[in-house]
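Q: Hi! Could you walk me through the model I'm about to paste in?

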Amino acid sequence: MSKRVIKVNDRLHEVEAAPETPLLWVLRDALGLKGTKFGCGIGVCGACTVHIDGEAVRACVMPLGALTSESVTTIEGLAGTRPGPESMHPVQEAWLAERVPQCGFCQPGMIMAASALLSRDPDPDDRTIDEQITNVCRCGTYPRIRRAIRRATGRREAS
């Protein structure tokens, strides 16, 4: 066990954990940020997707010791700091408008992956969306996810 300071959602946190502890467990167990989900545990399904310096990363396979001075953003930190729908991220607004969630379990990771994609490519086509959003949704909401991503870009055509 070692103590270290990490920046999560623009706040510094001192955590005590072994360097090999996955970031996912630090976020959920040490910091109480339960929006990041445990899915497969091997970095495939994407339920645990967070941003590190704006890039989508699978937190279940990211050891705490691999973090340097990066800034971690979770689904709780994606929107503004004010409560309520007025501070939602455009991807979150689009998710609601397109009624993407069914069971909802994978949605935080999906939204984090989509927002990272849009920060790199503000107008991705369907092929790019399909190639870049590799998260798994057991409910099969992929057409709604594509529509929500297009809505977040300002495009609203049907898929």
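A short chat about this model follows.

Q: Before we start, what kind of model is it, and how are residues numbered?
A: It's a predicted model, where local features need pLDDT of at least 70, side-chain atom pairs count only at pLDDT 80 or more, and totals for chains, interfaces and linings use all residues. Residues are numbered from 1 along each chain as its sequence is written, and side-chain values use heavy atoms, with hydrogens and water left out.

Q: Great. How many helices and strands does the protein have?
A: There are six helices and five strands. Helices (H or I, at least four residues) and strands (E, at least two) are DSSP runs, numbered from the N terminus. Starting at the N terminus, the order is β-β-α-β-β-β-α-α-α-α-α.

Q: And how compact is the protein?
A: Its radius of gyration is 16 Å, close to the 15 Å that the globule rule gives for 159 residues, so it is as compact as a globular protein of that length. That radius is taken over C-alpha atoms, and the rule is 2.2 Å times the number of residues to the power 0.38. Along the principal axes, the C-alpha atoms fill a box of roughly 50 × 35 × 25 Å.

Q: What share of the residues is buried?
A: Buried residues account for 43% of the 159. Buried means under 20% relative accessible area, exposed over 50%, and partly exposed in between (1.4 Å probe, protein chains only).

Q: On to the sheet. In what order do the strands come?
A: The order is β2-β1-β5-β3-β4, in an open sheet with mixed pairing. β2 (11–17) and β4 (55–58) are at the edges with a single partner strand each, so one side of each is left without a neighbour in the sheet. On average, neighbouring strands are turned by 45° against each other, direction ignored. For angles here, axes are lines fitted to C-alpha atoms, for helices over the stretch in contact, and angles run from 0 to 180 degrees between N-to-C directions.

Q: Which helix packs on that sheet, and which strands does it touch?
A: That's α4, which touches β3 (49–52), β4 and β5 (71–73), and its direction makes about 35° with that of β3. Contact means heavy atoms within 4.5 Å.

Q: How does β1 pair with β2?
A: Strand β1 (residues 2–8) pairs with β2 in the antiparallel sense, over seven bridges. Two strands count as paired if DSSP finds at least two bridges between them. S2 sits opposite A17, and I6 sits opposite H13. The hairpin has two residues between the strands, and N9 takes a positive phi near 55° there.

Q: What about β1 and β5, parallel or antiparallel?
A: Parallel, over two bridges. V8 has V72 of β5 as its bridge partner.

Q: Now α1. Which of its residues are buried, and what do they pack against?
A: The buried ones are L23, L24, V26, L27 and R28. They pack against β1, β2, β3 and β5. After α1 comes G32, with a positive phi near 70°.

Q: Where is K37, then?
A: K37 is in the loop between α1 (23–30) and β3. At 21% relative accessibility, K37 counts as partly exposed.

Q: What else does K37 touch besides R28?
A: Leaving aside neighbours within four places in sequence, the contacts of K37 also include L24, A47, C48, F105 and P108. A polar atom of the K37 side chain lies 3.1 Å from the backbone oxygen of K34.

Q: Last one: how far is K37 from V50?
A: Their C-alpha atoms are 9.9 Å apart in space, and the two residues are 13 apart in sequence.

Note on methods. A polar contact is a pair of N or O atoms within 3.5 Å; within protein, one must be able to donate a hydrogen and the other to accept it, and residues adjacent in sequence count only if both atoms are side-chain atoms.
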